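Please work through each task before reading its solution.

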Amino acid sequence: SEGKLIGIVNAKLNNTDNMGYAIPSNFVKSVADNILHYCDGTNLENVYRCYLGITVEASKQYTVYDTDTGKVHKREVVSVAQVNAGSLAQGVLKAGDVINSITVDGVEYEVHRMYVVTDAMLNARIGSKVVLGVTRGTETLDLSIEIGESAIQVIK
């Protein structure tokens, strides 16, 4: 109603009114910025993501009611299920760490769903500083990882 872009339609059902599937605009912007950053003059198509070398899992799913907007938001506790040997996260993160936030080059992302981890890492580049706000047992820690070239991979 305000004319703001909230998503890009990527699928629509024929013979139905107002039924389609969209990619959120903030995700589209991250992908477009990523393509432009890694463009080498010949390859204009690849999207690269930094892989920390962890597997995450969700638990304790719940909802939060936003009194300002009247909307209900799904939330989940996101934790590290596994740390891969030889990865950037080895020696930094541990299985069982609860990831509360990810800060990439000063931009903080609240980790309220598993996909936030993946989406945030689209904004990491070689040399980026990533700070993970985690809860380990009863401690709250800020753990830093610098992104190296070996962690960047093409998304296929």
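**Exercise 1.** Determine which residues Tyr 38 touches, not counting residues up to four places away in sequence.

*Solution.* In this predicted model, the residues touched by Tyr 38 under that condition are Tyr 48, Ala 124, Arg 125, Ile 126 and Ile 152. Next, consider Arg 125, one of these contacts. Arg 125 is 87 residues from Tyr 38 along the chain, and their C-alpha atoms are separated by 9.1 Å.

**Exercise 2.** Decide whether Tyr 38 is buried or exposed.

*Solution.* The relative accessible area of Tyr 38 is 18%. Buried means under 20%, and therefore Tyr 38 is buried.

**Exercise 3.** State how many salt bridges the count comes to, and describe each pair.

*Solution.* The count comes to two salt bridges.

Step 1. Arg 113 pairs with Glu 76, with the closest N and O atoms 3.7 Å apart. Arg 113 lies in the loop between β7 and α2, whereas Glu 76 lies in strand β5, so the pair ties together parts that are 37 residues apart in sequence. Arg 113 is partly exposed at 22% relative accessible area, while Glu 76 is buried at 8%.

Step 2. Arg 136 and Asp 97 form a salt bridge with an N to O distance of 2.8 Å. This pair links distant parts of the chain, 39 residues apart: Arg 136 is in strand β8 and Asp 97 in the loop between β5 and β6. Arg 136 counts as partly exposed, at 22% relative accessibility, and Asp 97 counts as buried, at 1%.

Methods
Residues numbered from 1 in each chain as written. Predicted model: local features only at pLDDT ≥ 70, side-chain atom pairs only at ≥ 80, totals over all residues. Heavy atoms only, no water. Buried < 20%, exposed > 50% of the residue type's maximum accessible area, 1.4 Å probe, protein only. Contact = heavy atoms within 4.5 Å. Salt bridge = Lys/Arg side-chain N within 4 Å of Asp/Glu carboxyl O. Helix = DSSP H or I, 4+ residues; strand = E, 2+ residues; numbered from the N terminus.
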